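I opened the notebook to go through this structure piece by piece. My looked-up items follow in the order I took them.

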Amino acid sequence: MNILETKNLHKVYDETSVPVYAVNGIDLTIKKGEFTAIVGPSGSGKTTLLNMIGGLDRPTKGEIIVNNVKLNDLSSRKLTDFRLKNIGFVFQAYNLIPVLTAKENVEFIMQLQKRPKKERDKRTISLLEAVGLGDRVNSRPAKMSGGQQQRVAVTRAIASKPQFVLADEPTANLDSKSTENLLEIMEELNRKEQITFIFSTHDQRVVKKARRVITVDDGKIVKDETRDPEKD
Amino acid sequence: MIWSIAWRNIWRNKIRSTIVLVAITIGLFAGVFSTGFYKGMADMRVESGIKTEVSHIQIHKPDFMLNNEISLYFDSSNQIVSRINEMESVIASSRRIEAECFFKTAHGTRGVRIVGVEPDREKKVTDIFEQMVEGDYLAGDHRIPRILVGKTLGEKLKLKIGSKIPVDMVDMNGNFSSKLYKIGGFFETTNKGFDERTVFVRFDQLQQQLNLPDNAAHEIAIYLQNDANIDIVQGKLQEKFPQLDVKNWRQIGKELALVTDSMDQYMYIFVIIILLALCFGIINTMLMVVLERTKELGMLMAVGMHRAKVFLMIILESIFLSLSGGILGIIIGYGVIKYFEDTPIVLDIFKGFEHYGYSSKVYTNLPPEMALNIAGLVFIIGIISALYPAWKAIRLDPADAIRTD
């Protein structure tokens, strides 16, 4: 079942009258439960692609269809609502709200979704426990390590029960142990809860774990391989 | 949770927020205290103006107040006073005769306003008898009638108790009239100007000197239980005595009315100026907040927080910041004002104001509703200060903002 589809996706930046094709005709389909890495050199267009898939940026041409909804047609307000209900984000710099505890950071998204308090409490605690942060629910980000903060960020991203999670360089600021730990958690969530993960990354440790690797260059998909990481 | 985030965000940069809070607290304290100080000063001026100079209501023959023409007297004044004293809300009333006269002494000549009063009735209407600093208040009947002079005038003309002084004027028939009075006492009010240009004698003595008929008077001063129903009483009096001109203290003492009418407005303008100055400090702080938190604001919008909520969050932060400092300033200011309501602030630099009727002893006063209004202004300023920073925040592009270093 396709949860994401792009058709002839273009993004052109008209800087200093010379058009720059950041994304140049990408056709992409992502199925539910995929664990996909988008790789490519800096400036290849992977971040722009990720922004458009995540509804943060609008294409110049082409279509983005998420769960049968064409994002191009949505107003800015509806797009925000759509992101809230359908897409989870994990950022390179964690981007947690520093004045909130781990629990509150996770709960915040569900509160924006207007979920009942009981449900919020229950899901927040069970998710934080699942990522090994059951004892840090009341800690603020400043009191946590980078790895712990990123685990909270992953929890926040999946708390809203999204169609897929977009993770932009999620391990860039983490050491090897934290990276391994984080990847194990995401793999487990992917396997057990069928949560779809799409990474944009340079990190080979992430690439190795991915079951599908899409290579982007000059705004185009130059390679799209599906593999079994355990066999590799 | 937005409220909670907004409140906690204030304390992310404790030093900066504390500086802004202290600035707002000091500004609001200054604004509230100044308001209470000047309001107290104005109230005292009005109170002393009513108690000492004009009382609540005065009745005259029409046009008398235009140039104090002595021929514009009214008859049956005693009966009028009796009828007035029967009225509800009236404490007392007193007849007066007024004229312009000349004081001739070895040290100079002065033109002053001479007022003939009935001592016993006048004591219930004005408090000049309480302002006596030397001598007695027109007590007893004397062969040479007594005259009360303001201390300032007495000092200028080097008068002493018992000094004899001829008082010249033109009587009802247009004849020159000179009469010898003896200085019976000196009074000192908070209005040096009043003290310098007003003298008091007994009603019957001035009536006699002016050749006015028995029972004639130029003025009846009326003192009421309070100022609240003055318009009702004035209306009833005008109905009772349609041939006479009934005026309240606001119409008689226009300067007094101006003091009360304008003081509140001046004070609000003063507070608004303080708040506007603080407003720029808050705008600066909130702009810093938006700049520092660009990445975080981008994240909030990216994960699905509507721009309206981001806008509200910034506005709330500004309101919390303004209100915290503002309310603290108002509470401190109000506390200090309450303290000085009973303990006067005595300032020598205000001695000069006594010439204009203002006491150098100031009892502060700030009605609670005025303090609440100031708190309301702080709230509004909190919102206004955050509008531009909040607008800047929602103009951020989430995708770009997230990537900000």
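How many bridges join strand 6 of chain B to strand 7 of chain B, and do they run parallel or antiparallel? I looked it up in the model, which is predicted. Seven bridges join strand 6 (residues 164-170) to strand 7 of chain B, and the two run antiparallel.

**Entry: around strand 7 of chain B.** I stayed with this pair for a moment. Strands 6 and 7 of chain B make a hairpin, with five residues between them. In the turn I found B:Gly174, with a positive phi of about 85 degrees. B:Val170 has B:Phe176 as its bridge partner in strand 7 of chain B.

Next I checked strand 5 (residues 146-150) of chain B. It runs parallel to strand 7 of chain B, and five bridges join them. Here B:Val149 stands opposite B:Phe186.

Then I turned to strand 4 (residues 132-135) of chain B. It pairs with strand 7 (residues 176-187) of chain B in the antiparallel sense, over three bridges. B:Met132 stands opposite B:Phe187.

Entry: I followed helix 11 of chain B from residue 254 to residue 292. Its 39 residues reach 56 Å from first C-alpha to last, close to the 57 Å expected. I also noted a kink of about 35 degrees, centred on B:Ser262.

Chain B is divided into domain 1 (2-49 + 257-402) and domain 2 (57-226). I looked up the separation of their centres, taken over C-alpha atoms: 50 Å.

**Entry: the sheet in chain A.** I found an open sheet of six strands in chain A, in the order 6-7-8-3-9-10, with mixed pairing. Strand 6 (87-90) and strand 10 (220-226) of chain A are the edges, each pairing on one side only. Neighbouring strands in this sheet are turned by 20 degrees against each other on average, direction ignored.

I then picked one pair inside the sheet. Strand 3 (residues 35-39) and strand 8 (residues 196-200) of chain A run parallel, joined by four bridges. A:Ile38 stands opposite A:Ser200. Helix 5 (residues 146-159) of chain A packs on the sheet and touches strands 6 and 7 of chain A. The direction of helix 5 makes about 170 degrees with that of strand 6 of chain A.

**Entry: where the chains meet.** Which residues take part? I counted 20 from chain A and 16 from chain B in the contact. On the side of chain A, helix 2 (76-86) and helix 3 (102-112) each give two or more residues. Helix 2 of chain A gives the largest share, five residues. The chain A side divides into twelve nonpolar, four polar and four charged residues.

Notes. Residues numbered from 1 in each chain as written. Chains lettered and ligands numbered in written order. Predicted model: local features only at pLDDT ≥ 70, side-chain atom pairs only at ≥ 80, totals over all residues. Contact = placed C-beta atoms within 7 Å. Nonpolar A, V, L, I, M, F, W, Y, C, P; charged D, E, K, R; others polar. Domains from an automatic or database assignment. Expected span 1.5 Å × (residues − 1). Bend = angle between axes of the 7 residues up to and from the residue. Pairing = 2+ DSSP bridges. Axes fitted to C-alpha atoms, helices over the stretch in contact; angles between N-to-C directions.
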